[in-house]
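Notebook open, model loaded. I want to look up the helices first and the aromatic rings after that.

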Amino acid sequence: MKPRSLIQLWMLLLTGLILFESCDQKPPISFNEQIRPILNDNCLVCHGGVKQLGDFSLLFPETAFAPAESGKKAIVPGNHQKSELYRRIRHHDPDIRMPQEAPALTEEEVALIAEWIDQGANWEDHWAYLPPQLPELPVIESNWPLAEMDLFVLEKLNELSLDPAQMANPARLARRASLDLTGMPPRPEWLAAYLSQPNEQGYETLLDSLLASPHFGERWAAMWLDLARYADSNGYE
């Protein structure tokens, strides 16, 4: 075989190997989105900040990856078979299996944790401490979306085989905005002004009037006070 042909053959083999490896790789698992909810629901009661049974806590990475009271590491990044956490959640003995005195994790949850560990057990800070990132906008051919957020709504509607609702008429739109912002129907003069100019500028004028109304502050302050348990009845619920 000629040297040039041999080089071409090796290039083809190398390209095929790279493509095979890239197809075989699984997408990275998100700790915050896929793993943290499982741990929060099943593990943090006994292995969190208040209780740390076995001197083991899953609240922070420095304790999750450190040896527990037994001397074993619950999580060995890159190898789920050597991770005590995986052994415990897979164990059939109820005295050893975790979580104890609670339903076992599903096969899907166990497999997800194993894959996360094999991928390196990447730990992410709580979402509240992460700077927000702009997501990629769905590419959808439609004249319906009016704003970028509508693209995500339309994407979900398409998944459910649903069509978006028709645009509300000006009177209904004004009523919805007023009930949402003040908890009351729009004042007659505000509604009349908007209906006489039912365009974007008229709608902005209506919203400015609603936001300047004292009822806007009353409505949203009441919600905050209820959440802060200021009320005598509903607030305690």
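Here are my entries, from the whole chain down to single rings.

**Ground rules.** I'm working with a predicted model, where local features need pLDDT of at least 70 and side-chain atom pairs count only at pLDDT 80 or more, while totals for chains, interfaces and linings use all residues. Residues are numbered from 1 along each chain as its sequence is written, and side-chain values use heavy atoms, with hydrogens and water left out.

**Whole chain.** I looked up the elements and got 10 helices and zero strands. Helices (H or I, at least four residues) and strands (E, at least two) are DSSP runs, numbered from the N terminus. Next I checked burial: 22% of the 237 residues are buried. Buried means under 20% relative accessible area, exposed over 50%, and partly exposed in between (1.4 Å probe, protein chains only).

**Helix α5.** I checked the length of α5, residues 107-118. At 1.5 Å a residue its 12 residues should span 16 Å, and the end C-alpha atoms are 16 Å apart, so that agrees. The expected span is 1.5 Å times one less than the number of residues.

Which residues of α5 are buried? I found Val110, Ile113, Ala114, Trp116 and Ile117. They cover an arc of only 160° around the axis, which puts them on the same side of α5. That arc is taken from the directions from the helix axis to the C-beta atoms.

The buried residues pack against α2 (31-42) and α4 (84-90), with contact meaning heavy atoms within 4.5 Å. On the face turned away from the buried side I found the exposed Glu107 and Glu108. Just after α5, Gly120 has a positive phi of about 115°.

**Rings.** I searched the whole structure and got five aromatic pairs. Rings of Phe, Tyr and Trp (its six-membered ring) pair if their centres lie within 6.5 Å; planes under 30 degrees apart count as stacked, over 60 as edge-to-face and the rest as tilted. Tyr194 and Tyr203 make a tilted pair, 5.8 Å centre to centre with 50° between the planes. Tyr194 counts as buried because its relative accessibility is 5%, whereas Tyr203, at 24%, counts as partly exposed. Ring pairs also link Phe31, Phe65, Trp116 and Trp123 into a cluster.
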